[in-house]
Amino acid sequence: MKDYIKNIAFLSILCAFLYSCSIQKHIPEDERLYTGAKIEMEVDSTVKNASKLKQDLRTVLRPAPNSKFLGSYLGLYYYYKNQKENPNFINRWLYKKLGQKPVYQSDVNALEVQEILRNRLENYGFFYSSATSSFIEKEKKASVTYSLKVPAPYKMANYKIDSMVSPIYTVIKELTKETPFPKNMRFDLANLKLERQRLDLELKKKGYYNFNPSFLIFEADTNQYKNKKFDLFLKLKAKVPKIATVPYQIKKINIYPDFDLKDSLKAKKVRHKNKSYYQDSLFFKPAYLDEFITLKEGDLYNPITSKNTARRLSSIGVYKYVNIQYKELDSLQTDSLGVLEANIFLSPLTKRAVRAELQAVTKSNNFAGPKLALTYSNRNVFKGGETLNISTNIGYETQISSGDNLGLSSLELGLKSELIFPRVIAPFSFNEDFFEYSIPKTKTSLGITYLNRSKLYTLLSGSALFGYVWNANKYTTYELNPISVNYTRLSNTTEEFQQILEDNSFLKRSFEQQFISGLTFSFTYNEMLNSSKIHQFYINATLDVAGNSISLFGKQNTAGAPKEFLGLQYAQYAKADFDARYHYNFGKSNEQTIATRLFAGYGLAYGNSDVVPFVKQYFSGGPYSVRAFSTRSLGPGTYNENTATTQPNNTGNFFDKTGNIRLEANVEYRFPLFSFFKGAVFADAGNVWNSVANPDFGNDGKDKITSNFINELGMGAGFGLRVDVQGFVIRFDLAAPFHDPSLEEVKRWDFKIDEPVFNFAIGYSF
């Protein structure tokens, strides 16, 4: 092993030497390759955090030398290779991805960098610093050393406000009581700029509509001190316009709910709660629109209130553009108060829209077929911002395998209507400031689905939902559905399917729970909305509880049998999910990403149920899960249908492998290729288990979770291609398993590169 490591090290050194030699021969005779700069500092003993100061000064060093990888100038190597008369395709591509133009000694302006370093030190309060430079030259390479003498910094003794005109003097004096400047603060130009911006924002909040941070100036006076102390004075620049030194009050608010530039002058005026609404005919009822507008006549101008109003209006879902403009009313202005007129222009989206979606579906159980979905949307249905969505879908799948399963098919028909109100509909009212960031939306929906699986059964299911969704801030969303009802009715069952149910008691009991009535609550924190962040976090926690309220009305018709409501068996369970994600973005414009995800879920059946309903159980495997295993084919636990002591009568894997516990982890490296194409390499791990062993899966309880669950995870790795066009992503992934928990322990670790699973999906997996 030691010899192997030595050989690797020797080869690395040899490759670095050869690359270095091949590069040096391309350097022009009158040039030297610039290898970088270092800073040497002679620092006064009173200076604190000298190492941090040195680190900051390094950021101004120019130019940056060519980068190295394992001691070799790879980027420079491919640059020179590309300079050949006819470089091949591979060299051109490598140059485009890795190539760097050479940086020579002649590209370094040491005197200019000296001046920048000295200027940066003065900005930090180290006045009368000095900087010199010297080149260290070798045969074909050169570096530079910058030598700095850093004296003791100047520190603030007092912070004072100079005389200003009224009324702004009183306001600024009050604001400076909360200044972030501590006594004996080192002079720092960046902190002074931040203080100007803070004061400008606070003044704007107090109505100073025409103020600008450049109107403020700081002056440092050292005349009274001989020990590097100074007094800091804040004052207004000379000739600041009068309109910048008085607050502004909003005198009029005009709203145009159906704004059209062509006929805006013809609109009729209606007053409602001290606001003027202009619309030709009633497009949006003022009583419903008013609660989205936080501006009030008589209030001082405040940009935060203006932004809140614009954001709230945009969240309705009816408007394409929200434009708030302010107009100064000079005729009403006084020496101490300015007057504004606020005009809110709202441009509606198209009232009606139809969306069609055609999919080609392929499943792990060898079923394939087309699926068509149509959605009709009608916005502002009742002139209060309501949105009506009616969607229908039809899907047909057939078994493409041969043998006994040939001819099996599935026909699905669905119809769903959804009505969204951009306000709270409840038997009680809220204080108007309770939802400060955004007003909740009330969501209602009704749906029905018909599913016919040939030679097996027909399933008719219906659903109803009533709930609320709202944003607490930019990243946080809550969703509460106090009413969530699902009903399923199994009919037209064949003898073959009846036998399947008899052989799998868990499956049978899950189908018997025809009625699900409960409550769901979801919390989401999503920083993925901000693409500029280097570190992005996403957390979703969901709680689903069913059967508690309806159990008050349940009746037990037969001793020992489950209770029923309206003649239907109902389910009782609690289910909790936790989904956490972290993205680390790096590279030019954050174009590269390391994405990670952890998911954990647990469902507990109790009371009227001893098994979680089939539609609420977990599954693992597929394009949004563990991609090295086909959809819903992983688990539960270490169960293997081919080696189980007892095996359910199964028809072509027609029934998915599910459990009431799920654990998954994923990691993926995403990188750009060219144009809209991006690549990825990834690894996934996960599985599902049952908390109580299903005897129909065998007498050995391999589907039950144990303390050894970490060794029962299905694991796989692979690579993928993404076509990303302005956020719309088409994803192709190819993955192979390297740990299969369904096999014997000695056979589980086996990277089956020759048995990959292909995944096609829309959107990123996490």
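This is a predicted model: local features need pLDDT of at least 70, side-chain atom pairs count only at pLDDT 80 or more; totals for chains, interfaces and linings use all residues.

Tutor: Start with β2 and β3, where β3 covers residues 141–150. The two strands pair in the antiparallel sense. Eight bridges join them.

Strands of a sheet pair through backbone hydrogen bonds, either parallel or antiparallel. Now widen the view. β2 and β3 belong to an open sheet of three strands, in the order β1-β3-β2. The pairing in this sheet is mixed. β1 (33–43) and β2 (130–137) are the edge strands, and each of them pairs on one side only. Neighbouring strands here are turned by 20° against each other on average, direction ignored.

Helices pack on this sheet. Take helix α2 (residues 50–58), which touches β1 and β3. The direction of α2 makes about 150° with that of β1. Next take α5, which touches β1, β2 and β3. The direction of α5 makes about 30° with that of β3.

Stay on α5 for a moment. Helix α5 spans residues 110–123 and holds both Glu-122 and Arg-118. These two residues are four apart, about one turn of the helix. Side chains of opposite charge can pair when their charged atoms come close. Here the side chains of Glu-122 and Arg-118 meet in a salt bridge, at 3.2 Å from N to O. A search of the whole structure finds 27 salt bridges.

From here, look at how helices meet helices. Two packed helices are described by the angle between their axes and the distance between the axes. Begin with helix α3 (residues 74–82) and helix α4 (residues 89–98). Their axes come within 9 Å and cross at roughly 140°. An angle over 145 would count as roughly antiparallel. α3 and α4 are therefore oblique to each other. The crossing of α3 past α4 is left-handed. On the α3 side, the residues in contact are Gly-75, Tyr-78, Tyr-79, Lys-81 and Asn-82. On the α4 side they are Asn-91, Arg-92, Leu-94, Tyr-95 and Leu-98. Sorted by class, this contact has five nonpolar, three polar and two charged residues.

Now set a second pair beside it. Helix α6 (residues 168–175) and helix α7 (residues 189–205) have axes that come within 11 Å. Those axes cross at roughly 125°. That angle makes α6 oblique to α7. The crossing of α6 and α7 is right-handed. Ile-168, Val-171, Ile-172 and Leu-175 make the contact from α6. Arg-198, Leu-199, Glu-202 and Leu-203 make the contact from α7. By class, the contact of α6 with α7 has six nonpolar, no polar and two charged residues.

Follow the chain on to Asn-302. Asn-302 sits in the loop between α8 (286–289) and α9 (303–314). Which residues does Asn-302 touch, not counting those up to four places away in sequence? They are Lys-204 and Lys-205. The C-alpha atoms of Asn-302 and Lys-206 are separated by 6.5 Å, yet these residues are 96 residues apart along the chain.

α9 lies across β10 and β11, running at about 155° to β10. β10 and β11 are part of an open sheet of five strands, ordered β8-β9-β7-β11-β10, with mixed pairing. β8 (268–272) and β10 (319–328) stand at the edges, each with a single partner strand, so one side of each has no neighbour in the sheet. In this sheet, neighbouring strands are turned by 25° against each other on average, direction ignored. β10 pairs with β11 (residues 338–348) in the antiparallel sense over nine bridges. Within β11, Ile-344 stands opposite Ile-324.

β24 (residues 592–605) and β25 (residues 661–674) run antiparallel, joined by ten bridges. Phe-599 stands opposite Glu-664 in β25. β25 also pairs with β26 (residues 677–689), again in the antiparallel sense, over 13 bridges. Here Leu-663 has Asn-687 in β26 as its bridge partner. The hairpin of β25 and β26 has two residues between the strands, and in it Ser-675 takes a positive phi near 50°.

Conventions
Residues are numbered from 1 along each chain as its sequence is written. Side-chain values use heavy atoms; hydrogens and water are left out. Axes are lines fitted to C-alpha atoms, for helices over the stretch in contact, and angles run from 0 to 180 degrees between N-to-C directions. Angles under 35 degrees count as roughly parallel, over 145 as roughly antiparallel, 65 to 115 as roughly perpendicular and the rest as oblique. A crossing is left-handed if the near helix is turned anticlockwise from the far one by less than a right angle, and right-handed if clockwise. Contact means heavy atoms within 4.5 Å. Ala, Val, Leu, Ile, Met, Phe, Trp, Tyr, Cys and Pro count as nonpolar, Asp, Glu, Lys and Arg as charged, and the others, Gly among them, as polar. Two strands pair if DSSP finds at least two bridges between them. A salt bridge is a side-chain nitrogen of Lys or Arg within 4 Å of a carboxyl oxygen of Asp or Glu.
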